[in-house]
Amino acid sequence: MATATPAATSTVDLGPAAALSCRECGTRFPLGPSFACLECFGPLEIAYDYSDHGAAELRARIEAGPASIWRYAPLLPVPADVATKPNLNPGWTPLVEADRLGKELGFTARLHVKDDSGNPTHSFKDRVVACAIEAARAFDFTTLSCSSTGNLAGAVGAAAARAGLRSCVFIPHDLEHAKIVMAAVYGGDLVGIEGNYDDVNRFCSELIGDPAGEGWGFVNVNLRPYYGEGSKTLAFEICEQLGWRLPEQIVIPIASGSQLTKIDKGLRELIELGLVEDRPYRIFGAQATGCSPVAEAFKAGRDVIRPVKPDTIAKSLAIGNPADGPYVLDIARRTGGAVEDVTDAEVVEAIRLLARTEGIFAETAGGVTIGVLKKLVESGQLDPDKETVAINTGDGLKTLDAAAGAGLTAVIRPSLESFRAAGLV
Ligand SMILES: Cc1ncc(COP(=O)(O)O)c(C=O)c1O
Ligand SMILES: [Zn+2]
């Protein structure tokens, strides 16, 4: 099994998490810092042993919980006392009723934006890191690490600082300035790799197998099964904020595809636990045209994802060989959704559209999501008569250059005469 020291153990307290289970062949392994199946190299995910409370009791427990992802602790691989530990407590972000955007896009049903830009480091990555760090604590790792397209690096740096762990994170060296500053300011080590994200990820896999990486928890590599579960909280929150109802359609940006895959897992768990009524839902994936291997495979009806060399302003989504790509295809097809892509110009236009209609300033990933939402409605793939949620995963302040076309309306002298002359009244 792919492991890193310290050794795997099944006696750790990670709440209801019972084992690691292979997504492909179902083989079970003890909980540990492992991510690939010994039998078939399939990805491992968490299998749960939920205590037998009825749906009504579980729902009441969640509703009485903290206004953070820890309200869902009974459904996550975290110890029951997780909220008392030093952590950033992300989550419980607003589900915004985006009526003005909906009207502009021709919606007759409700459109919502799940705005995750308000997390502690301003992206949804705080959710996944918060879960991974509990696993890192359980396995006695001393250094927290990751391969990152930018947001994850900042989230790891901040969470490690709060938890009192060392951090050392790896990014492509040419990311947006704001993301580099955010990843560095928390005082951990930040290493720029001369290459793209896929090169960074390959390097991290090498480091895990080397004595130099001993005692290191890579949140999205050897802790990936735990990390991924953090994204389920987006599904939980959306349903709870809708009054314990499934949305009919969800639009989700894709980099590795982990978030989309785990949101689907979260929705299915809510159905299985009886927390929401079962009914069809459709999941749509969003990519930038300059890095759209999953959209390409979807449109061509292929099962195989052909890796690409990314070239897009949406750097946080620039993963040319997405690990969960095949699962994204399965989910889009199974739920009657789709995977679509938009050009960089459409991304910029969508950032401005969301800001102008709803007062939400999204980073480029959010521009991809809203741009794809618009394109899916226009092409008839997404039904504007069905309740829809689009996820804004990051804050526009991190990718200011993309919105650089916005600026002063006028420069005037401080006089009414000058103001009138500017033609604004
Ligand atoms: C802002 C933002 N949105 C979405 C994603 C996609 O995440 P995933 O790799 O889970 O598909 C990322 C990944 O880095 C991101 O930074
Ligand atoms: Zn397997």
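Analyst: In this predicted model, the side chains of Arg334 and Asp264 meet in a salt bridge, with 2.6 Å from N to O. Because Arg334 belongs to helix H11 (residues 325-335) and Asp264 to helix H9, this pair ties together parts of the chain that are 70 residues apart in sequence. The surroundings of the two partners can be given separately. Arg334 is partly exposed, at a relative accessible area of 49%. Asp264 has a relative accessible area of 0% and is buried.

The structure holds 28 salt bridges. Another of them joins the side chains of Glu104 and Arg356, at 2.8 Å from N to O. Here too the partners come from distant parts of the chain: Glu104 sits in helix H2 (residues 99-105) and Arg356 in helix H12 (residues 344-358), 252 residues apart. Glu104 is partly exposed, with 44% relative accessible area. Arg356 has a relative accessibility of 53% and counts as exposed, because the cut-off for that class is over 50%.

Lys179 and Glu176 form a further salt bridge, in which the closest N and O atoms are 3.5 Å apart. Both Lys179 and Glu176 are buried. There is also a network of salt bridges, which links Lys114, Asp116, Arg127 and Glu237.

The domain assignment gives domain 1 as 95-121 + 228-403 and domain 2 as 124-224. Into the contact between them go 31 residues from domain 1 and 21 residues from domain 2. The centres of domain 1 and domain 2, taken over C-alpha atoms, are separated by 24 Å.

The size of an interface is often given as the accessible area lost when the parts come together. For domain 1 and domain 2 the buried area is about 2100 Å², and 49% of it lies on carbon and sulfur atoms. On the domain 1 side, Thr121, Lys315 and Lys398 supply 32% of the area buried against domain 2, more than any other three residues.

Between domain 1 and domain 2 the count is 4 salt bridges. As for individual pairs, the side chains of Asp324 and Arg224 meet in a salt bridge at 3.1 Å, N to O. Polar contacts across the interface of domain 1 and domain 2 come to 15 residue pairs, both residues being at pLDDT 80 or more.

On the side of domain 1 that touches domain 2, the elements giving two or more residues are helix H7 (224-229), helix H8 (232-241) and helix H9 (258-272). H8 provides the largest share of that side, 3 residues. By residue class, the side of domain 1 that touches domain 2 divides into 8 nonpolar, 15 polar and 8 charged residues.

Glu387 lies in the loop between helix H13 (364-378) and strand S13 (388-392). Its relative accessibility is 10%, so Glu387 counts as buried, the limit being under 20%. Apart from neighbours within four places in sequence, the residues in contact with Glu387 are Ala109, Arg110, His112, Leu242, Arg245, Pro247, Glu248, Gln249 and Arg279.

Note on methods
Residues are numbered from 1 along each chain as its sequence is written. Chains are lettered from A and ligands numbered from 1 in the order in which they are written. Side-chain values use heavy atoms; hydrogens and water are left out. Domain bounds come from an automatic or database domain assignment. Contact means heavy atoms within 4.5 Å. Buried area is the accessible area (1.4 Å probe) that two parts lose on being put together, summed over both. A polar contact is a pair of N or O atoms within 3.5 Å; within protein, one must be able to donate a hydrogen and the other to accept it, and residues adjacent in sequence count only if both atoms are side-chain atoms. Helices (H or I, at least four residues) and strands (E, at least two) are DSSP runs, numbered from the N terminus. Ala, Val, Leu, Ile, Met, Phe, Trp, Tyr, Cys and Pro count as nonpolar, Asp, Glu, Lys and Arg as charged, and the others, Gly among them, as polar. Buried means under 20% relative accessible area, exposed over 50%, partly exposed in between (1.4 Å probe, protein chains only).
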